[in-house]
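This report describes a predicted model. It takes up the nonpolar core and then the salt bridges.

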Amino acid sequence: HCVQAGSEQVVEYIALVTGNEVLEKTIDDLKLDCTVEQLRSRINASIQEDTRILRISARAGDSISAQQIAEKVTEYTISLIRSSRGIQNISLVDKANLPAYPDGPSAKRIAVFAACVIGVMTFFRDTVCTPEQVRMYTGLDTLGMIPAGPDEIEKRTYWKRRGTEKS
C-alpha cells in the first residue's frame, strides 16, 4: 500500500503504522492468531525516496493474508491520522498487491528436501566393513582384507571409548 501525506508528518506516521492501536484493531478485525509484537515484526513501513509517500507492506504465511493485513493496517492508519490529528489531506495512492512469490520456503519443499537427504545418507551409509557382513550379504567367504591404517585405528578407538562403534 502507498499512502501520500504532508511532508512533515510522514516520519511520524511510520510510528503510527506499527503502533498498538492500529495493530490491535487489525488483529481483532482479521481474527489473527498472533500478538501485537508478532504482527509488528511482520509489518514494514518506509518512505519512498524523494516523496511524501509512505509504503506499507506485510509478511504472512500466504499471499492473501499478507495482502489483507497490509490493507487493514493502511485503513486503520489513515483513520487514526484523520481522527486523532485532524488531518484530511492524506490519501491512498495504491492498493496492496498480491505478492507474486512466497516470502519464505514452503514446508512441503523443506520436507521433500529432508527426505531426499536422509535417503541419500542411508544409501551411502550401507557399506560392508567386516568379513561377517561380506558373508551375510553375499554368502561368500573373504579372500583377504586390507589392514586399517593408523588413522583408521585411532578413529575406531575414539568411537569405542564413546560407546558406539562407527565404521
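## The nonpolar core

The largest nonpolar core has 26 residues, and those touching the most other members are Y13, V17, L39, I43, I69 and V73. At least two residues of this core come from each of helix 1 (10-17), helix 2 (20-30), helix 3 (36-41), strand 2 (43-47), strand 3 (53-58) and helix 4 (63-85). The most is given by helix 4, which supplies eight residues. In soluble globular proteins, nonpolar side chains tend to be buried together.

L39 is one of the core residues that touch the most other members. Apart from neighbours within four places in sequence, L39 contacts L23, T26, I27, L32, C34 and I69.

## Salt bridges around K72

Five salt bridges are present in the structure. In one of them, the side chains of K72 and D29 meet at 2.8 Å, N to O. This pair links distant parts of the chain, since K72 is in helix 4 and D29 is in helix 2, 43 residues apart. D29 is partly exposed, at 34% relative accessible area.

K72 also forms a salt bridge with E75, with the closest N and O atoms 3.5 Å apart. K72 and E75 are three residues apart in helix 4, which means that about one helical turn separates them. E75 has a relative accessibility of 41%, so E75 counts as partly exposed. Through shared partners, salt bridges join D29, K72 and E75 into one network.

R40 and E37 form another salt bridge, their closest N and O atoms being 2.3 Å apart. Both residues lie in helix 3, three residues apart, or about one turn of the helix. R40 is partly exposed, with a relative accessible area of 22%, whereas E37 is exposed, at 52%.

Definitions and conventions:
Residues are numbered from 1 along each chain as its sequence is written. This is a predicted model: local features need pLDDT of at least 70, side-chain atom pairs count only at pLDDT 80 or more; totals for chains, interfaces and linings use all residues. Side-chain values use heavy atoms; hydrogens and water are left out. A nonpolar core is a set of buried Ala, Val, Leu, Ile, Met, Phe, Trp, Tyr and Cys residues joined through side-chain atoms within 4.5 Å. Buried means under 20% relative accessible area, exposed over 50%, partly exposed in between (1.4 Å probe, protein chains only). Helices (H or I, at least four residues) and strands (E, at least two) are DSSP runs, numbered from the N terminus. Contact means heavy atoms within 4.5 Å. A salt bridge is a side-chain nitrogen of Lys or Arg within 4 Å of a carboxyl oxygen of Asp or Glu.
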